[in-house]
Amino acid sequence: METFATLFTNGNFYAYLGVAVAVVLAGMGSAKGVGIVGEAASGVLSEDPDKFGQCLVLQALPGTQGIYGFLIGFIIMLNTGMLGGDVQLPVGTGAAILVASLPVGIVGLVSGIHQGRVSASGVKVIAKRPDQVSKPMVSAALVETYAILAFLISMLLIFNIKI
Amino acid sequence: MIERMEKICIYSVKDQTDDVVEDILKCGVIQPIHAQSVVPDEIKHVLEECEISDISKEEELINRIENGITVLKKFSAEKNLFKKRPFITYKELTEEKVISQSIEICDKIEKAEERISKLRRDLAEMIFREKSLVPWASFDIPAEKCRTESAETYFCVLQGQKTSENIEEILSDKGVPVYLETVHIDEETHYVALLFLKKYNKAVGEALNRLGAKKFDIEGMKGTFAENIEICRSNIKSMNSDLNRGEKEIYDISRGKKILEKASDSLKIKIQYMSGRENFLSTEKVNIITGWIPVSEKENVSKKLAEYDCFCQYEAPDSCEEYPVLMKNNKLVKPFGTITEMYSLPKSRSIDTNWAIGLFFFIFFGMMLSDAGYGIILILGGLLGAKLLDIGDEAREFFKMIGICGFSTVLWGAVYGSWFGDAVPTITETFFNRRIEIPYLIDPLSQPMTVLILACILGVIHLFTGMGIKAYIMIKRGDRWGALFDVGFWYMLLLGLPMLLMTGPWKTAGYILSVTGAVGLVLTQGRHKSKTAGKIISGIMSLYNITGYFSDVLSYSRILALGLATGVVASVVNIMGSMAGNGIIGVILFIIVFTAGHVLNLAINALGAYVHSARLQYVEFFGKYYEGGGKKFDPLRIKTKYVRITEEKK
């Protein structure tokens, strides 16, 4: 039990947890979002396979949250030297990294799902008015704004944590 | 610039109407409107609506031809992305013989198709028969000898665990003498021949039913099974060669595909101009054709129509009447018209702001993608695509736009020092042991605040331009004071507030500006309300909009975020590629990871840059001034799918 308790006073633990939070939560959001659009898209594709390109574009839109989460995770790894393997972080720094990764993780999770739903209903536009595909794209981009803002804050925070 | 439109009214003699309409179609600058709305009321009662022409025959023929084209497409393997549609003159396209030839070809195709599909059916049947005969091949008694006056042979198929012994068991219980021979066994199926006396017919039938055996019918068969299989096989062979011959026949016709395509386009033109007639009015001897025409084309059309005995009259629209919108811009701005069009065309009495949309889209797209290597790819892809691909006008403009935005991407990539991310330092360090750094002006990774401030400043300029356009529209419409109240005061307030953060005389100036602006807004923003209380409340509430401007400006921070995302993913790709060191395997891995990674990154981030640059225009910029809802100018013109029309050769 002693070893388990020391986990909470170990800065590395928090930093690694931060990487996990950013990548896992944002990735979950995107996976769910992209999945929803994919389901909607195959309905259209079964009718008209030529619309694959347009559907693919809409499906790619909710994928960005996952990338933002991955980026934050990667930057944490670069900044703390995790890639080299030799990490020694004080508890305060580790905890700060964990907290800094929360925005991109949580907002990525929620916005990914919601962006997926907006894009999925945009797939209907492809079915009926393929010339108007850019309008649902912009609607989906409005949802992504908040993922971008969260990503920005996470990034600025992590850049400014002194290792 | 939005083209001015006028109404044209052509009175043509009935005999010549067809030629006149054909010429209008060729000019492609008149959008027909219903004549009822143009003709003065006094003469309306003498006019009749032109009878709607029957186009069902043409449509049926088009369907046949399109079917023919789909059939032939299977046989001509040519599928070339860079293939351009052939040029043809209008006269060649609309020749009578194109249609008559195409009908002949269609007949041939349909006949051949019918024959082939019958052959296919027969072939399938024959193959099935052959397959069902094969298990019995070793039973060498001819079918006609299997039956005598008093004896009968059944051929039955037993499935599951059942064998000939089961039959024997059941029948011997009933005392029926029977001779059984198992001809063939495969997996779980037994093929059994069974000889018995005709008088036991019923008992045998019941026994077989109980075991679920299927009887193989040899009614009408002659000779042994082996002989029959031989016959089937030779039939299949000859059918296959018939099928090949039939397909060859269609292949021979496939050279006629060009004629079918021509005929299809020619019929479509015919339908277009026949259905254009719905809008005409007519008297006994005259047709009245009305439509919108851009003022700049008036002279051209008048000259063309002078060949006929017709009278042509132009009328400017009323000052409040909306007309269809056609935007005319120079080569550099025109491609960005697609962005405006995607949102909504401006009202005909508003102004065309494609230059501003183009300029800011160009800057924002470049900052968001911000990689010189990707920019070069976009320039090549966009401009070459527009030149080499035959994709229609709208798609071509889009490609051009992407190409133009590529230049901005190269520019910003160079500012950030990003050429395929940090490919140059990584490659030189991994493979040549000497790190070569690329010079840069701003490094977004170490100076994110610089880029953020830059993005917000550009945002402010963008927003102020939008407000300026609003003021311009108001002044143009004679509302000078409105422009000062709604735009001028906001300029003062929004400029004054950040100046408060500075020191010395700047601070004083900022103080004066912002207070003037705020007081001005409070006094004027309620001017449309009728009651005094309403005026005061609206005036004060208008200051609340300041949070709107604040969030608008912050929205431009996405420029930094997307720029960082491109750069960092690109670097990640390079790092992953160089992980295997500088051996042969390292080089191979690097090439694979580098290509796949950067293609993916370019695709996703170009999409992001496009969508978010567009969003900044639609939400932040258009929100300040834009008056959308114009109808697109859609003239009666030749629309073809397979060929392109050129000028007549003289």
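Chain A holds 6 helices and 0 strands; helices (H or I, at least four residues) and strands (E, at least two) are DSSP runs, numbered from the N terminus. This is a predicted model, in which local features need pLDDT of at least 70 and side-chain atom pairs count only at pLDDT 80 or more, while totals for chains, interfaces and linings use all residues. Residues are numbered from 1 along each chain as its sequence is written, and chains are lettered from A and ligands numbered from 1 in the order in which they are written.

Reader: Hello! What radius of gyration does chain A have?
Author: Glad to start there. The radius of gyration is taken over C-alpha atoms, and the globule rule is 2.2 Å times the number of residues to the power 0.38. A compact globule of 163 residues would come near 15 Å, but chain A has 19 Å.

Reader: How do H4(A) and H5(A) lie to each other, roughly parallel or roughly antiparallel?
Author: Axes are lines fitted to C-alpha atoms, for helices over the stretch in contact, and angles run from 0 to 180 degrees between N-to-C directions. The axes of H4 (residues 64-80) and H5 (residues 91-128) of chain A come within 9 Å and cross at roughly 170°. Angles under 35 degrees count as roughly parallel, over 145 as roughly antiparallel, 65 to 115 as roughly perpendicular and the rest as oblique. That makes the pair H4(A) and H5(A) roughly antiparallel.

Reader: And how many charged residues are in the contact of H4(A) with H5(A)?
Author: Residues are in contact if their C-beta atoms, placed from the backbone, lie within 7 Å. In H4(A), Gln65(A), Tyr68(A), Gly69(A), Ile72(A) and Ile76(A) meet residues of H5(A), including Gly105(A) and Gly108(A). Ala, Val, Leu, Ile, Met, Phe, Trp, Tyr, Cys and Pro count as nonpolar, Asp, Glu, Lys and Arg as charged, and the others, Gly among them, as polar. The contact of H4(A) with H5(A) has 5 nonpolar, 7 polar and no charged.

Reader: Turning to chain B, why is it described as more spread out than a compact globule?
Author: Chain B has 22 helices and 14 strands. For its 650 residues the globule rule gives 26 Å, and the radius of gyration is well over that, so chain B is more spread out than a compact globule, at 40 Å.

Reader: How far apart are the C-alpha centres of domain 1 and domain 2 of chain B?
Author: The domain bounds come from an automatic or database domain assignment. It gives domain 1 (141-223) and domain 2 (334-626). The two C-alpha centres lie 85 Å apart.

Reader: Which term describes H12(B) relative to H22(B), roughly parallel or oblique?
Author: The axes of H12(B) (residues 354-369) and H22(B) come within 9 Å and cross at roughly 140°. That makes H12(B), relative to H22(B), oblique.

Reader: How do the residues of the contact of H12(B) with H22(B) divide?
Author: From H12(B), Phe360(B), Phe361(B), Phe364(B) and Phe365(B) are among the residues that meet H22(B). On the H22(B) side, the partners include Leu616(B) and Phe621(B). The tally for this contact is 12 nonpolar, 5 polar and no charged.

Reader: Which helices of chain B each supply at least two residues of the side that touches chain A?
Author: Here 20 residues of chain B are in contact with 22 residues of chain A. The side of chain B divides into 14 nonpolar, 4 polar and 2 charged. The helices asked for are H21 (558-577) and H22.

Methods: Contact = placed C-beta atoms within 7 Å.
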